[in-house]
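Student: I would like to work through a structure feature by feature. Could we take each feature in turn, with the general idea ahead of the case?

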Amino acid sequence: MRAAAVVMSVLSVTACSSTPESRAGTEPRPARTTAVATPTPSPTPTAVYPGKSWERESRGGFDALDQDLRSDGSTCVAVIKDGKLVHDAYWNGGAAQKQQRVYSIAKSLTSLLVGSFVSEGALDLDAEASKQIDEWRGTRAEAVTVRDLLSMTSGRRWSEAVDRQLIRVSHDQTSFATRLPQDRDPGGQWVYDNAAVQTLESVLDDVATTDDVVGIAQDRLFGPLGMHDTTWGRDAAGNALTYSGLTSTCLDLARIGQLMLNAGSWKGEQVVSPDYVRQATSPSSKFNTSYGLLWWTNAEGQVVEVLRQAGFADDKAPYEGRLAPNVPPDAYWAFGYGNQYIAVVPSEGVVAVRLGARPSSPDRVTFDSFTSGVLAALQ
């Protein structure tokens with residue numbers, strides 16, 4: 001039996017794409033091809049981790065950045081440099097321990113939960129997800145791998161109407177997602193798909209010794225990292241919302257960034273392997289080189305932004321370049337509706353988190369402007 005229902009039902013408009021421009025290409029299922037991986041540095045013996053609170057160090061000048069973030073509806077910002085909190089600020093009703101919705105940042109944490117099982121050999125990225133999802137056996141969906149789900153190349157049915165039904169109507173969102181038809185062969189197209197990510201809830205509760213994915217997150221992430229102000233939401237049937245549903249704080253989410261910066265290591269324990277961190281933060285398909293395994297990357301190639309994820313009216317057409325051209329190419333992000341960010345820049349030893357309201361324009365608080373603004377403030 002699944003854990004008892006309704007801790008939290010998140011029915012917000014979350015992380016969705018809706019135009020053909022969000023589908024970067026279509027072709028028969030190719031051999032697995034991945035753009036050149038972005039190297040991820042290994043943790044060093046001098047890696048710094050927070051205790052119950054972050055060690056603080058005065059550094060940089062953040063007045064200009066703070067003014068911009070505050071005017072754009074931000075509620076908090078936190079900047080970590082070399083493992084120390086060098087800046088945090090709160091506005092517009094925000095506070096250090098006040099939880100707020102972070103929407104699709106939950107996807108990146110779902111990736112880490114999957115990665116923890118991959119790292120210990122309990123789950124194979126390139127094995128069929130039907131090993132865990134009973135409903136897919138003997139159907140066209142049987143060919144979909146765990147990697148396909150993480151990389152948004154699963155070929156599962158997606159439309160605006162399906163997305164709305166998942167978020168706003170479905171009582172049991174995992175059942176709804178797993179029972180959707182398989183429209184295309186996996187691996188031939190990139191589509192930002194909330195329902196496909198929700199099927200990972202079924203994968204996780206099957207591979208673990210418990211079927212409570214919220215409990216898995218507590219045991220494998222929140223507890224070890226000391227994330228005491230983070231809550232993972234459930235749907236009305238009690239399922240963890242693996243595509244959304246998370247509430248947290250800037251300071252808690254900075255711990256996720258620090259875990260990633262240190263290649264999955266936390267105080268001597270390997271939460272996820274360095275190899276998984278590398279794969280998650282490297283391009284996972286040629287259709288969108290700015291997307292890894294539920295993490296956004298800064299690699300050169302075809303970029304497909306999904307501005308509808310952030311709540312804006314239209315997506316951009318795909319373009320050649322990098323997601324954040326004024327930021328080092330090794331940067332990567334967790335990203336949620338309303339421009340919630342965990343930014344990680346390994347070459348600079350920097351983690352930065354921004355939470356708050358959606359900016360008034362898609363040109364404000366972007367991957368590029370937020371992250372480059374943080375780096376400039378640190379100079």
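**Reading the model**

Tutor: Cys76 is buried, with a relative accessible area of 1%. Keep in mind throughout that this is a predicted model.

Student: Which residue does a disulfide join to Cys76?

Tutor: The partner is Cys250, at an S to S distance of 2.1 Å. Cys250 is likewise buried, at a relative accessible area of 1%. One disulfide is what the structure holds.

Student: Is the disulfide of Cys76 and Cys250 right-handed or left-handed?

Tutor: The handedness is read from the torsion about the S-S bond, which is about 85° here, so the disulfide is right-handed.

Student: Let us stay with β1. Which strands pair with β1?

Tutor: Strand pairing is read from the bridges. β1 pairs with β13 in the antiparallel sense over seven bridges, and with β2 in the antiparallel sense over six bridges. Ala78 shows both pairings: Ala78 stands opposite Val353 in β13, and the bridge partner of Ala78 in β2 is Asp88.

Student: How many residues lie between the strands in the hairpin of β1 and β2?

Tutor: There are two, and in this hairpin Asp82 takes a positive phi near 50°. As for cover, β2 (residues 84-90) has five of its seven residues buried, so β2 is largely enclosed by the rest of the structure.

Student: How many residues of strand β13 are buried?

Tutor: In a regular strand the side chains alternate between the two faces of the sheet. In β13 (residues 350-356), Val350, Ala352, Arg354 and Gly356 point one way, while Val351, Val353 and Leu355 point the other way. Residues on both sides are buried; the count is seven of seven, and the strand is described as mostly covered.

Student: How many bridges join strand β12 to β13?

Tutor: Five bridges join β12 (residues 340-345) to β13, and the two strands run antiparallel. Ile342 has Val353 as its bridge partner in β13. The hairpin of β12 and β13 has four residues between the strands, and Gly349 takes a positive phi near 65° there.

Student: Is Ile342 buried or exposed?

Tutor: Ile342, in strand β12, has a relative accessible area of 0% and is buried, the cut-off being under 20%.

Student: Which residues does Ile342 touch, leaving out those up to four places away in sequence?

Tutor: Ile342 touches Ile105, Leu253, Ile256, Gly257, Tyr332, Trp333, Ala334, Val351, Ala352 and Val353. Take Gly257 from that list: Gly257 and Ile342 are 85 residues apart along the chain, yet their C-alpha atoms are separated by 6.4 Å.

Student: What share of the contacts in the whole protein join residues at least 24 apart?

Tutor: The share is 70%, among contacts between residues at least 6 apart in sequence. For the whole protein, 62% of the 379 residues count as buried. The secondary structure comes to 10 helices and 13 strands.

Student: What is the strand order in the open sheet of three strands?

Tutor: The order is β3-β5-β4, with antiparallel pairing. β3 (100-103) and β4 (231-232) stand at the edges with a single partner strand each, so one side of each is left without a neighbour in the sheet. Between β3 and β5 (residues 246-248) there are three bridges, in the antiparallel sense. One example is Gln100, whose bridge partner in β5 is Ser248.

Student: Which residues line the largest cavity?

Tutor: The lining consists of Met152, Thr153, Ser154, Gly155, Arg156, Trp158, Arg184, Gln189, Trp190, Val191 and Asp193. By class, that lining has four nonpolar, four polar and three charged residues.

Conventions:
Residues numbered from 1 in each chain as written. Predicted model: local features only at pLDDT ≥ 70, side-chain atom pairs only at ≥ 80, totals over all residues. Heavy atoms only, no water. Pairing = 2+ DSSP bridges. Disulfide = S-S within 2.5 Å. Buried < 20%, exposed > 50% of the residue type's maximum accessible area, 1.4 Å probe, protein only. 1 Å grid on protein atoms, 1.4 Å probe; cavity = no way out; pocket = protein on both sides within 12 Å on 5 of 7 lines; lining within 4 Å. Nonpolar A, V, L, I, M, F, W, Y, C, P; charged D, E, K, R; others polar. Contact = heavy atoms within 4.5 Å.
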